[in-house]
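Thanks for coming. I will go through one structure, sheet by sheet and then helix by helix, so please keep the picture in view.

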Amino acid sequence: MFNENLPIYIQIMNLIKRRIVKGEIRRGDKLPSVRDLSTELKVNPNTIQRSYHELERENLVFTQRGMGTYVTEDENIIKELKQSMASSLVNSFIQDMRSLGFDLEEIVSIIDEKMREGK
Amino acid sequence: MTNIIEIKGLSKTYFTKKALNNVSLAIEKGKVVGILGPNGSGKTTLIKILTGILRPTKGEVYIDGNKPGVITKSIVSYLPDRNFLYDWMKIQDAINFFKDFYQDFDENKAYGLLEFMKLDRDMKINSLSKGMKEKLNLTLVLSRNAKVYILDEPIAGVDPVARDQILDAIINNYNEESTMLITTHLVRDMENIFDEVVFLKEGEVYLQGNAEVLREERNMKIDDLYKEIFGE
């Protein structure tokens, strides 16, 4: 499951972020224990610990001593996360399109067309 | 951080063939370390020196401050790269054998692991498949409350289901007080459980480091790095 050439702890952070944004894990929810997630993903517990630590530094989760790690209660932080994940997806899309030689107008019209088709 | 294993300038020569050449390593307590290299790179020689089976030609080895010998054998739990149990035994006999041999053997842990591995204590050793034997051997080795676990090719030649069970058992058994040294050439299957990796090439340490740092620096998986170092 870890195929990108990124450190595993970042891939695990991204996995948890996605789960939060999709609402699979909601604000205030407890994250799986380090040991459980380590078994689920077959990854060294120290790596999971590092992911949790970094998520805590980004204020997405907080640790209660002896209780576990919980998703933030702050809705704004989750909204921000959603925004930033959306904009990084869009940015990389725009960059890719530009490198193929499309200008902004063309990109917008392609998206517009696709969205209409989808409806 | 304290080093549980220290290796300084270690060389091993079999007659004229150099198996290890000036290997120096320091391994911290609580780490899972992968010793990576193809067949003949010196992995098993290194492990046999650490477990006191072979003597170094040159250099020094310390485990928890002691040279390999009687004292270190009581704190090192070793999984050899081949079956070490007698064919006439049943699984229960093998457990009793380990219980007699090692003070730190935890019988309850062994029964728990047997269940996890879906092995029955009435099974006879000579009726076990290769994967089952590997699972049994690992059960015995992990059931010791050792400071150092040395696992030589723990997943070589087993099917994917057994491989996953073995990986789970290794991960579940991990704790901060013990150190694990694992040799493998099946890097893709195991790389996610390593804190540190050591690449052994023709008896020398070619590269070593924190697995995550190497992924970040080289922008590739450890498996790809392995292929780059040793060729396809």
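This is a predicted model: local features need pLDDT of at least 70, side-chain atom pairs count only at pLDDT 80 or more; totals for chains, interfaces and linings use all residues.

Before anything else, a definition: two strands pair if DSSP finds at least two bridges between them. That wording covers what I am about to say on bridge partners.

Three strands make it up: 3 strands form an open sheet, ordered β2-β1-β4 in chain B, with antiparallel pairing. The edges are β2 (17-28) and β4 (58-63) of chain B, and each has a single partner strand, so one side of each is left without a neighbour in the sheet. Ignoring direction, neighbouring strands here are turned by 15° against each other on average.

Within that sheet, strand β1 (residues 3-14) of chain B and β2(B) run antiparallel and are joined by 8 bridges. Which residue in β2(B) is the bridge partner of B:Tyr14? B:Lys17 is that partner.

α1(B) lies across β1, β2 and β4 of chain B, and runs at about 60° to β2(B).

Now the other sheet of chain B. Here 6 strands form an open sheet, and the order is β5-β6-β7-β3-β8-β9. The pairing in this sheet is mixed. At its edges stand β5 (76-79) and β9 (204-210) of chain B, each with a single partner strand, so one side of each is left without a neighbour in the sheet. From one strand to the next, the twist averages 15°.

As a reminder, strands of a sheet pair through backbone hydrogen bonds, either parallel or antiparallel. Let me take the pairs around β3(B). Strand β3 (residues 32-36) of chain B pairs with strand β7 (residues 179-184) of chain B in the parallel sense, over 5 bridges. In that region B:Val32 stands opposite B:Met180 of β7(B). β3(B) also runs parallel to β8(B), and 4 bridges join them. There, B:Ile35 stands opposite B:Val198 in β8(B).

Moving along to β8(B): its pairing with β9(B) is antiparallel, over 6 bridges. The hairpin of β8(B) and β9(B) has 2 residues between the strands, and B:Glu202 takes a positive phi near 45° in it.

Is β8(B) mostly covered or mostly uncovered? It is mostly covered, with 5 of its 6 residues buried.

Two helices lie across this sheet. Helix α9 (residues 222-230) of chain B lies across β3, β8 and β9 of chain B and runs at about 15° to β8(B).

On to helices against helices. Two packed helices are described by the angle between their axes and the distance between the axes. In chain B, the axes of helix α5 (residues 130-142) and helix α6 (residues 160-173) come within 10 Å and cross at roughly 5°. Angles under 35 degrees count as roughly parallel, and that makes α5(B) roughly parallel to α6(B). From α5(B), the contact uses B:Gly131, B:Glu134, B:Lys135, B:Leu138 and B:Leu142; from α6(B), B:Ala162, B:Gln165, B:Ile166, B:Ala169 and B:Asn173. By class, that contact has 5 nonpolar, 3 polar and 2 charged residues.

Chain A gives another pair. The axes of helix α1 (residues 8-21) and helix α3 (residues 45-57) of chain A come within 8 Å and cross at roughly 60°. α1(A) and α3(A) are therefore oblique to each other, and the crossing is right-handed. Residues making the contact include A:Ile12 and A:Ile16 of α1(A), and A:Ile48 and A:Leu55 of α3(A). The residues of this contact divide into 7 nonpolar, 2 polar and 2 charged.

Last, the two chains together. In chain B, 16 residues are in contact with 14 residues of chain A. On the side of chain B that touches chain A, α6 and α8 (211-218) of chain B each supply at least two residues. The largest share, 4 residues, comes from α6(B). By class, the residues on that side of chain B are 7 nonpolar, 3 polar and 6 charged.

Key. Residues are numbered from 1 along each chain as its sequence is written. Chains are lettered from A and ligands numbered from 1 in the order in which they are written. Axes are lines fitted to C-alpha atoms, for helices over the stretch in contact, and angles run from 0 to 180 degrees between N-to-C directions. Angles under 35 degrees count as roughly parallel, over 145 as roughly antiparallel, 65 to 115 as roughly perpendicular and the rest as oblique. Two residues are in contact if their C-beta atoms, placed from the backbone, lie within 7 Å. Ala, Val, Leu, Ile, Met, Phe, Trp, Tyr, Cys and Pro count as nonpolar, Asp, Glu, Lys and Arg as charged, and the others, Gly among them, as polar. A crossing is left-handed if the near helix is turned anticlockwise from the far one by less than a right angle, and right-handed if clockwise. A residue is buried if 20 or more other C-beta atoms lie within 10 Å of its own, exposed if 12 or fewer, and partly exposed in between; C-beta atoms are placed from the backbone.
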